Amino acid sequence: MNVKRVEDLREIANETLSGLEAGPALRHRIVSAQAPAAKRKLPVRGLAIALSCALVLAVVIPVALNGQKGVIPSQGDPAKASETPKIQSFSAGGDGVHNETASLNGAQVTVTNRNKDNKYSLWDESGLIRWDGRYYRLIRETRPNGNAVGSIVATVSAQVSDPTLSGEAVVSKDMPVSTEIYSLSGISEKSLIVCYGSDGLRLYQRISLAGNGLLGSERFADVMPDASRVTAISLTGQDVIEGDEARRLYGILIRGASPEGNGSITAERVLIITLDNGAAIQLSVKGNRIGGCGVWSCPDFFEAFNP
């Protein structure tokens, strides 16, 4: 029996069952099995056909399913163990019909899923770098891929408890003197930097601190990665959005954000943006205002997120 598609089952069943009759012997066995107190009897011919169909399907279905693509691997299947964890994504304002699924790194899955139900902060207060007037906060629980590291852009000249008070050009709260600071390939160092610590690669995001944020004529797009690098967006209380829809929404934010100063805001929610190099960055959200490096207003972004 050669079965390649589940759709072939109907044709095979018809061929197998053609001419099937409930003979006298089968009729006698079925009738004899009926209890005297039974209040209703099943039609003998119908029962015989049902039993025969069940037998055919029990043989045919496993054979057919073995030939189908997308069979779920068993727990011991190496193919399953090597798969990248996946999360379901939902188009903003849409239903499950048009959803797409995209792969994220394990750390990204953790932070984006956690952000769905709680206001979750990626910023680590213990890690801070100041470089020529720009401040960078350590991002915890997620790291960029090692092959995403770019060139050396600076070197830590002093380790201090409060970088806002130091007169040195490159100072750090958590990294020792002579630590080399790197850019990320294809991403401006005005947005993100990395360095190697005792626990491996550390990621730092550009922020505002003590009223110091944007320098000169910098815009929101100057302190954020390009939309082409975005793989997913997660806003507290919302489903994770991935792929083209995430890039579309992020593009609205980049183009439409209007500056409202260099201060900070108290977060009611958190916007986490994941990138194709394994990195994730965070923005504080309060109403229609966003805080990161500077404070920004962008009603169009939130209208697109919640149409």
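At 67% relative accessibility, Ala-210 counts as exposed (exposed means over 50% relative accessible area, buried under 20% and partly exposed in between, with a 1.4 Å probe and protein chains only). Ala-210 sits in the loop between strand E10 (200-207) and strand E11 (230-235). Its C-alpha lies 9.9 Å from that of Tyr-135, although the two residues are 75 apart in sequence.

All of this comes from a predicted model, in which local features need pLDDT of at least 70 and side-chain atom pairs count only at pLDDT 80 or more, while totals for chains, interfaces and linings use all residues. Numbering runs from 1 along each chain as its sequence is written, and side-chain values use heavy atoms, with hydrogens and water left out.

On confidence, the chain has a mean pLDDT of 77, and 66% of its residues reach 70 or more (pLDDT is the predictor's confidence in each residue, from 0 to 100). For residues 35-42 the pLDDT is below 50, and this stretch has 3 contacts in the model beyond near neighbours in sequence (a contact means heavy atoms within 4.5 Å). Residues 58-102 also have a pLDDT below 50, with 63 contacts beyond near neighbours in sequence.

As for the overall fold, the chain holds 7 helices and 17 strands (DSSP runs numbered from the N terminus, with helices being H or I of at least four residues and strands being E of at least two). Of its 307 residues, 41% count as buried. Among contacts with a separation of 6 or more, 63% come from residues 24 or more positions apart.

The largest pocket has a volume of about 260 Å³. Here a pocket is an open set of points on a 1 Å grid over the protein atoms alone, where a 1.4 Å probe fits, with protein on both sides within 12 Å along at least five of seven lines; lining residues have an atom within 4 Å of a point. Grid points are joined across faces, edges and corners, and the volume is the space filled by probe spheres set on the points. The largest pocket is lined by 16 residues, and Trp-123, Ile-207, Ser-208, Ser-264 and Gly-292 lie nearest its centre. Strand E3 (123-131) and strand E16 (289-292) are the elements that give two or more residues to this lining. By class, the lining has 5 nonpolar, 9 polar and 2 charged residues (Ala, Val, Leu, Ile, Met, Phe, Trp, Tyr, Cys and Pro count as nonpolar, Asp, Glu, Lys and Arg as charged, and the others, Gly among them, as polar).

Gly-294 belongs to strand E17 (residues 294-297) and is buried, at a relative accessible area of 0%. Leaving out residues up to four places away in sequence, Gly-294 touches Ser-208, Gly-261, Asn-262 and Gly-263. Pro-259, 35 residues away in sequence, is 7.2 Å from Gly-294, C-alpha to C-alpha.

Turning to cysteines, Cys-195 is buried at 0% relative accessible area, and Cys-298 is buried at 1%. A search of the whole structure finds 0 disulfides (pairs of cysteine sulfur atoms within 2.5 Å).

Most residues other than glycine have a negative phi. Asp-132, however, has a positive phi of about 50°; it lies in the loop between E3 and strand E4 (134-139) and is partly exposed at 48%. Glu-141 also has a positive phi, near 70°. This residue is in the loop between E4 and strand E5 (149-155), and its relative accessible area of 38% makes Glu-141 partly exposed.
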